[in-house]
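Here is a short tour of a protein model, written for someone who likes to look at backbone angles and confidence scores. Please take a moment with the sequence and the 3D view before reading on.

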Amino acid sequence: MGISIFLARKLSIASSGGKTSPAVRVAVTAVALSTLVMLCAIAVVTGFKHEITEKVSGFNSHMTVSVDVSASPDSGDNLVTLTPSLQKLFDEAPYISDYALQASAPAILKTPSDFKGVYLKSLTGLDLKNFISTSLVSGNIPEYSGKDVSDSIVISSKAADQLGLKPGSKLEMYFITDQIRARQVTVAGVFNSHFDAYDDAYAYASLPFIQDIGGVSPSKGTSIAISTQNLSDVEENAYDLRHRFNDALASGLVFKPYTVTTARDSGASYFQWLSLLDMNVVVVLALMSVVACVTIVSGMLILMVDKIRFIALMRALGASRQVISRVFILLASKITLHGVVIGNILALLLIYVQQRTHFIPLDAESYYIDFVPMSISWQSVMILDAGVITLIWLVLLIPSRFAGKVAPGRTLASE
């Protein structure tokens, strides 16, 4: 192997005229473009998954605990009470990073000229507050604190456009509970997540405001929003939390059956859509790998023809077929490495610029986001590079055998 490495290092990939062969340039370009496309495909899918997952979990929370009405249909009480026993249960679960009581109620926003039905939710929980804050386009998020019943609400830009509202606008809000109740509220902020299905349905207010409308005590709500340390483990965490509830119910620490739903349950259609993107990436990786392999094999064959006299001379001097084959495998690997490095530089530069400037836009109505999200890890880059280099190296084993079959006497005689 040592003599092969020595010859490959000394042997130039340039043609006899001193210029790089067009076939070599094409091979380097093809590998670079293939690497660029593959890295960008992985970055786009990873970015989409991250952004959509953040939006779905932002609206729904990682896990939601509510009373299991199906287990006790005759109780008539579907409210959750955040008792000390429940708080202790949540505090003992190592994966729970935050939890908050939530309340929600259907409502009608009424202006002098129009009206709109929404689902009013309490703006509680750190994750929900941060998510709405990052989606805010005008106004501000009210500082809901204590037990004060604030009349400020946060609505979506879609609702604001439909009703002609802006921060500071006042309107009537109607609730249908045991009787029709009306409250005058003020728009404090307007948000836009580009998730029309959620933006069209939700508005946010303080927890005491909704509790006051429903006539319930400050310790009661419709659900408990739970944030976990890692959303990727949410199914396992939900399974564990259900067991904790069952044990607590059996031991008498809690007196109601509870159900646990996850963000993946609430946004199942979105996660199914994201799973389809994986197949698209597989197709892109396969096609680009074929392009890179075919081009590099073609370049290698042309390089062998260009170095035919060198091959004949080495064979005449006693070099074995295996030595000659290894030399051209190493030369082709050098071309591959050049292409991979160039592709990496271009891809990482494009990803960085897109992350900073969002210069590649998207139709938010179709893709739930107004720019192409890109995100990639160094681990993904290294795995892809290693896979591309290994695949091309394996493919080169077949054409490299032709280099050792050159007849030195006939070739040198023709010269």
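Predicted model: local features only at pLDDT ≥ 70, side-chain atom pairs only at ≥ 80, totals over all residues.

## Confidence

Over residues 409-414, pLDDT stays under 50. For this stretch the model has seven contacts beyond four places in sequence. The protein averages a pLDDT of 84, and 85% of the residues score at least 70.

## Overall build

Zooming out, you will find 15 helices and 13 strands in the protein. It has 415 residues, of which 46% count as buried.

As for the surface, the accessible area of the protein comes to about 20,900 Å², and carbon and sulfur atoms hold 59% of that.

You can find serine 61 in the loop that links α2 (22-60) to β1 (63-67). Is serine 61 buried or exposed? With a relative accessible area of 11%, serine 61 is buried, given that the cut-off for buried is under 20%.

Histidine 194 also has a positive phi, about 70°, although it is not a glycine. To locate histidine 194, go to the loop between β9 (180-191) and α6 (196-199).

Definitions and conventions. Residues numbered from 1 in each chain as written. Heavy atoms only, no water. Helix = DSSP H or I, 4+ residues; strand = E, 2+ residues; numbered from the N terminus. Buried < 20%, exposed > 50% of the residue type's maximum accessible area, 1.4 Å probe, protein only. Areas by Shrake-Rupley, 256 points an atom, 1.4 Å probe, with all protein chains shown as cover. pLDDT = per-residue confidence, 0-100. Contact = heavy atoms within 4.5 Å.
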